[in-house]
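Thank you all for coming. I would like to talk through one model today, so please have the sequence and the structure open while I speak.

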Amino acid sequence: MTAPPPPPPWTVISVLERSYAMARDNFPAFVTVAMVFAAVSLVVDVLSLGLLGGLIHLVCSAAAAICITWGTLQAMGGRKPEWEPMLRQLQRPNFGMLLLLGCIQYFVIAISAILIVPPFFLLPLWAVTIPVMMVERIDIGGAFNRSMDLTRYRRLPILGTFVLWALIFGAGAVVIVLLLGHGPIAHFVLWVYSAVAATVVQPLPAIFYVLLREEKEGMTAEQIAAALD
């Protein structure tokens, strides 16, 4: 019996195409989840809660990433994710640890942008921490270490993918502001736009996780998704 052929090498362009296809094929579920958390952030903006508002934004971003990561892993494993099971990830036994992991990661990367360590260094280093903890059920320190191991020698294309999507969606946001200004209508359109962008960007950690494990360890997407059961 011959061994299965190795997975084809992936590039920045192939991952861009894959994340776009993932969002397109699962758009109703992904955008519903993204808009639930974006709605909380919108209310926070209206109430102008200051530092508390920033903390709520951070928590909502991490929670949305957890739910969409689970949905992406399911989709890559050949299953069709729905928005209700994705939101029910808020009740998973290790959700608190996943949320803390996501908040630490996002906070440190944000702070690094104004301090010493460039965020471009940390982003690819910690790109797959959330799927690592979700699938392999390890602690926070182990998730960071495992992410650093998996991303070794592949951090440049990981960074390139994030940067290209950021440039594409950033250009779109600029166009919206130029056309609509800074009023309430523009704010609402940007809110919807950010939810749509999340359906493409937030699947990236799960996509990278599967690709890296296929490439380095011979795992299949189906085997990885089965670990979520």
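Predicted model: local features only at pLDDT ≥ 70, side-chain atom pairs only at ≥ 80, totals over all residues.

The face of helix 1 that is turned away from its buried side carries the exposed residues Ile-13 and Glu-17, where exposed means over 50% relative accessible area, buried means under 20%, and partly exposed is in between, with a 1.4 Å probe and protein chains only. Residues are numbered from 1 along each chain as its sequence is written, and side-chain values use heavy atoms, with hydrogens and water left out.

When I speak of helices, I mean DSSP runs of H or I with at least four residues, numbered from the N terminus. Helix 1 has 14 residues and reaches 20 Å from its first C-alpha to its last, close to the expected 20 Å, the expected span being 1.5 Å times one less than the number of residues. Which residues of helix 1 are buried? They are Val-12, Val-15, Leu-16, Ser-19, Met-22 and Ala-23. As a general point, an α-helix has 3.6 residues a turn, so residues three or four places apart point the same way. The buried residues of helix 1 pack against helix 2, helix 3, helix 9, helix 10 and helix 11, contact here meaning heavy atoms within 4.5 Å.

Let me turn to the aromatic rings. Rings of Phe, Tyr and Trp (for Trp, its six-membered ring) pair if their centres lie within 6.5 Å, and planes under 30 degrees apart count as stacked, over 60 as edge-to-face and the rest as tilted. By this rule there are six aromatic pairs. In one of them, the rings of Trp-10 and Phe-208 have their centres 5.6 Å apart and their planes at 55 degrees, so the pair is tilted. This pair links distant parts of the chain, since Trp-10 is in the segment before helix 1 and Phe-208 is in helix 11, 198 residues apart. Trp-10 is buried, with a relative accessible area of 5%, and Phe-208 is buried too, at 0%. Ring pairs also link Trp-10, Phe-162 and Phe-208 into a cluster.

The pair of Phe-188 and Trp-191 is also tilted, because the ring centres are 5.4 Å apart and the planes are at 40 degrees. These two residues are three residues apart in helix 10, separated by about one helical turn. Phe-188 is partly exposed at 46% relative accessibility, whereas Trp-191 is buried at 15%.

Finally, I would like to show two loop residues. Most residues other than glycine have a negative phi. Arg-137, although not a glycine, has a positive phi of about 55 degrees; Arg-137 is found in the loop between helix 7 and helix 8 and is partly exposed at 48% relative accessibility. Tyr-153 has a positive phi as well, near 70 degrees, and Tyr-153 lies in the loop between helix 8 and helix 9, where it counts as exposed at 77% relative accessibility.
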